[in-house]
Amino acid sequence: MRHLDNLILNTDSYKASHWLQYPPQTEATFFYVESRGGVYERTVFFGLQAILKEYLSKPVTHADVDEARDFFAAHGEPFNEAGWRHIVDAHGGHLPLRIRAVPEGTVVPTHHALVTIESTDPACCWLPSYLETLLLRLWYPVTVATQSWHLKQLIRQYLDLSCDDPESQIGFKLHDFGARGVSSAESAGLGAAAHLVNFLGTDTVSGVLTARAYYGEPMAGYSIPAAEHSTITSWGRDREVDAYRNMLRQFAKPGALVAVVSDSYDIYTAIREHWGKTLREDVIASGATVVVRPDSGEPVDVVHQCLVLLDEAFGHTVNAKGYKVLRHVRVIQGDGINPNSIRAILERITKAGYGAENLAFGMGGALLQGINRDTQKFALKCSAAKIGGQWIDVFKAPLTDPGKLSKRGRLALLRHREFGSWRTVPIDESLARPEDHVPEPGWEHALETVWENGTLLRDWTFAQVRERSNA
C-alpha cells in the first residue's frame, strides 16, 4: 500500500505530541524491547533485520515532512516539523539511532532485553519513542518463530520416541498452510519466514520471498503437488476415484510425494474402497508416496482411524524402535491443528503403535494468526534518559499490575559462556556506551549493534539464523 510509505506517519497519533512532553534539557533516551513472559518461557528472536531494511533504510525527505505536517494539522495533533527537518538536513534523512539486538535465531528466556534503542543526537531524543509503533511490531515474527520452535521440540519428542531417524523427518513435519488466514500480505511474509526458521515445508509463497529479500536465502521452503476439494469434486461424486487416479497419473513418480484431500464425501470409504482397493496396485506400482489428507471431523479420532484403514490396505513395517511404519502412504492433517491437537494426535497414534513419521501436520490460522502481542507479553519501554548531562533511571511500577514493572537504566544483556545462563544488567552511568560495560569473568555481551545512524551493521543470512535456532 503505497499510501503508507511515509515513515513519519508509521506511528500512533499520540506519538506526534510526545516531543513536547519530555523534561527540559533532555538530551538522550534509551529504550528496550522484552517479552515479559507469556505462553512460552523462551523466545526465538527473528524479524528485526527485515523491519530495518524495509522501513529504516529509506531516508526521510522534506516531502515526507510536508505530508506529515499537513496530516497532523488536520488530524488534531501538534507536529515536530523542526525536528524532522533537522533529521533531513543534518543527517540526510537517516535516523540518528543506535539499535542493538541479539543475533537473529537466538533462543532467549523471557524477561530479558532482546533489543535496545538509543538516540544519538540531542536534538532527537524523542525519536526512539516515536518509532515504538513500528519497532514493536517485531512481536509478530518473534512470536511466530517462538511458537513454531516449541512445536518443533514437541514433534521431535515423538519422533525420538518412535522413529529411527528423527533428524531426517523433523524438517517437514509442520507445513505452513496459513497464507489465506492472515490479515495482510506482509504478515504472511514475515510470519511464514519466521516459521521457516524452524521447518522446511510451506505453502506460503510470500514467506519464501521474504527470506530471500531480507536474508539472502535463495529457497527457504518447499512444497509438493496437492489436491484441493474443487479439483476432486469437479469430477462429481460418481467419479471420485477418477479424480484420485488423475492425481496419480499426473504426479505419482518414483520417489515423489503427492497429497490428496480425500474427505470430500466420505474419508473412510475413500480409503477403504478407492485407495485401498481400486487404486491400491496403481499406488504401489507408481513408486510414489501418496499422502492422504482428511480435512474434517474430530482430528484425533479421524487421524487414528485413517492410519488404521491405510494400514489394513497397504500394510506396514516395524522399525527398530518397535513402531509401525506404513508402506506407500502417509497422512497429513491440516484441519483443527494447534499446539494442543498436535500433542493429542501424536499421543494417540504412538500409543496405538504407529510411528510419528507416518504423519505430518498442516497449520494455518493457528500458526500465523492465532497469536497476538500478549501471547508473549511484548513491550517496548524507556529505561533511561539523559537530562542536563546526567543519566537517570526511567521505569514504571504500576500498583495494579506488578507484571508490568519495567527495567531501569541503560541495559546490557549478558550470557554465560559455559553455563548458557542469561542476565540483563544496568550499566554504570559513566560509560559512553553499553558495550563498554566489562562483564564479570565467564560472562559476555549477547547484544550486538545492528543499526547505527542509517547503516545496517549486521546482515544475517537465513542459514545463520537457522543454525542458531537449532543450537
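In this predicted model, five strands form an open sheet in the order S6-S12-S11-S8-S7, and their pairing is parallel. At the edges of this sheet are strand S6 (174-176) and strand S7 (257-261), each of which pairs on one side only. From one strand to the next the twist averages 30°. Helix H11 (residues 240-251) packs on this sheet, where H11 touches S7 and strand S8 (289-293), and the direction of H11 makes about 160° with that of S7. Within the sheet, strand S11 (residues 329-333) runs parallel to strand S12 (residues 359-363), and three bridges join them; glutamine 333 stands opposite phenylalanine 361 in S12.

A further open sheet has seven strands in the order S14-S13-S1-S5-S3-S18-S19, with antiparallel pairing. Because strand S14 (390-393) and strand S19 (455-456) each have a single partner strand, one side of each is left without a neighbour in the sheet. Helix H1 (residues 48-56) packs on this sheet and touches strand S3 (97-101), S5, strand S18 (448-452) and S19, while the direction of H1 makes about 160° with that of S3. Strand S1 (residues 26-35) pairs with strand S5 (residues 113-119) in the antiparallel sense over five bridges, and the bridge partner of phenylalanine 31 in S5 is isoleucine 117.

A polar atom of the side chain of histidine 18 lies 3.1 Å from the backbone oxygen of tyrosine 14.

Strand S15 (residues 411-416) is mostly covered, since five of its six residues are buried. S15 pairs in the antiparallel sense with strand S16 (residues 422-426) over five bridges, and three bridges join S15 to strand S17 (residues 443-445), which also runs antiparallel to S15. In the hairpin of S15 and S16, five residues lie between the strands, and glycine 420 takes a positive phi near 75°.

| Residue | Opposite residue and its strand |
|---|---|
| Glutamine 333 | Phenylalanine 361 in S12 |
| Arginine 415 | Tryptophan 422 in S16 |
| Leucine 414 | Histidine 445 in S17 |

Technical notes:
Residues are numbered from 1 along each chain as its sequence is written. This is a predicted model: local features need pLDDT of at least 70, side-chain atom pairs count only at pLDDT 80 or more; totals for chains, interfaces and linings use all residues. Side-chain values use heavy atoms; hydrogens and water are left out. Two strands pair if DSSP finds at least two bridges between them. Helices (H or I, at least four residues) and strands (E, at least two) are DSSP runs, numbered from the N terminus. Axes are lines fitted to C-alpha atoms, for helices over the stretch in contact, and angles run from 0 to 180 degrees between N-to-C directions. Contact means heavy atoms within 4.5 Å. A polar contact is a pair of N or O atoms within 3.5 Å; within protein, one must be able to donate a hydrogen and the other to accept it, and residues adjacent in sequence count only if both atoms are side-chain atoms. Buried means under 20% relative accessible area, exposed over 50%, partly exposed in between (1.4 Å probe, protein chains only).
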